[in-house]
Amino acid sequence: GELGELRRGQLRSLALMKLAQLPRRTASRLPRAAASLARRALSTQPASDDVEESVHDMLRQTCRDFVEAQVKPVAGELDQTHRYPAELVAQMADLGLMGVMVPEEQGGTGMDCLAYAIAMEEISAGCASCGVIMSVNNSLYCDPVMRYGTADQQEKWLKPYASGQKLGCFGLSEPGNGSDAAAASTTATLDGDEWVLEGTKAWITNAHDADAAIVIATTDKSLKHKGLSAFLVEARRPAP
């Protein structure tokens, strides 16, 4: 049957019926909105050999239903007006799509690479802009902080971003060098116990709406591309 208007975090009733067929241990690996509903429906069923495939199929259908009901009806308007789709990003966050591969204890959904690829494919099929917003937060912001950030950094700079409470971006490209990282003219100089960044970034996806950015800057020009460093910067922090 046709899918009616979705409220934030709600899933298709047919999807919930299928969720009940999955063993309890898989519930935490579904998008958060699905997981909370799945736990209510699941009883002590035996594990299935097709659990992983079922979880991925479930995710695909969840994203596809969301796109049909919420994304496609406004995709054209978003392209024409260049409006940031805040309401859709909030709904993607409720579905656990803003930190798909980040572990649950760090604010994410805790799924695998295939799940991320499936979700990205389905969202992008409805609206490329929504797909890119999701991709940047997942791949260019959350993933580096997850892999290389300290525990304290992850608490502040990862958890709220993987959960979708906040939005991240990645500052590499500059007016004069595009994505040529080695040619970056933005510099970072240590002044006492603070780093002072000087330069200009351009064409940064999510920048106007982001709460934080990973900014690439040169700390030692003599080392060329090996002299680059990544800095976590509050996006709305006023310049000195």
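Which residue follows helix 4 with a positive phi? It's Gly 96, with phi near 80°. Hold on to that one while I go through the rest.

Some housekeeping before that. What you see is a predicted model, so to speak of local features we ask for pLDDT of at least 70, and for side-chain atom pairs pLDDT 80 or more, while totals for chains, interfaces and linings use all residues. Numbering starts from 1 along each chain as its sequence is written, and side-chain values use heavy atoms, with hydrogens and water left out.

Okay, the overall layout. The protein chain has eight helices and five strands; those are DSSP runs numbered from the N terminus, H or I with at least four residues for helices, E with at least two for strands. Walking from the N terminus, the order is α-α-α-α-α-α-α-α-β-β-β-β-β.

How much of the chain is buried? Of the 240 residues, 42% are, where buried means under 20% relative accessible area, exposed over 50%, and partly exposed in between, using a 1.4 Å probe and protein chains only. The accessible surface comes to about 13,000 Å², and 50% of that belongs to carbon and sulfur atoms. That's Shrake-Rupley with a 1.4 Å probe, and for residues only the protein chains shown count as cover. As for contacts, meaning heavy atoms within 4.5 Å, take those with a separation of 6 or more: 63% are between residues 24 or more positions apart.

Back to helix 4, residues 86-94. Its buried residues include Leu 88, Val 89, Gln 91, Met 92 and Ala 93, and then Gly 96 follows the helix.

Now, cysteines. Searching the whole structure for disulfides, that is, cysteine sulfur pairs within 2.5 Å, turns up zero. Cys 127 is in none; its nearest cysteine sulfur belongs to Cys 130, 3.6 Å away. Cys 127 is buried, at 3% relative accessible area, and Cys 63 counts as buried too, at 1%.

Last topic, the aromatics. There are two aromatic pairs, a pair being Phe, Tyr or Trp rings (the six-membered one for Trp) with centres within 6.5 Å; planes under 30 degrees apart are stacked, over 60 edge-to-face, the rest tilted. One of the pairs is Tyr 141 with Tyr 161: centres 4.7 Å apart, planes at 40°, so we call it tilted. Why does this pair tie together separate parts of the sequence? Because Tyr 141 sits in helix 6 (residues 128-148) and Tyr 161 in helix 8 (residues 159-162), parts that are 20 residues apart in sequence. Tyr 141 is buried at 0% relative accessible area, and Tyr 161 is buried at 3%.
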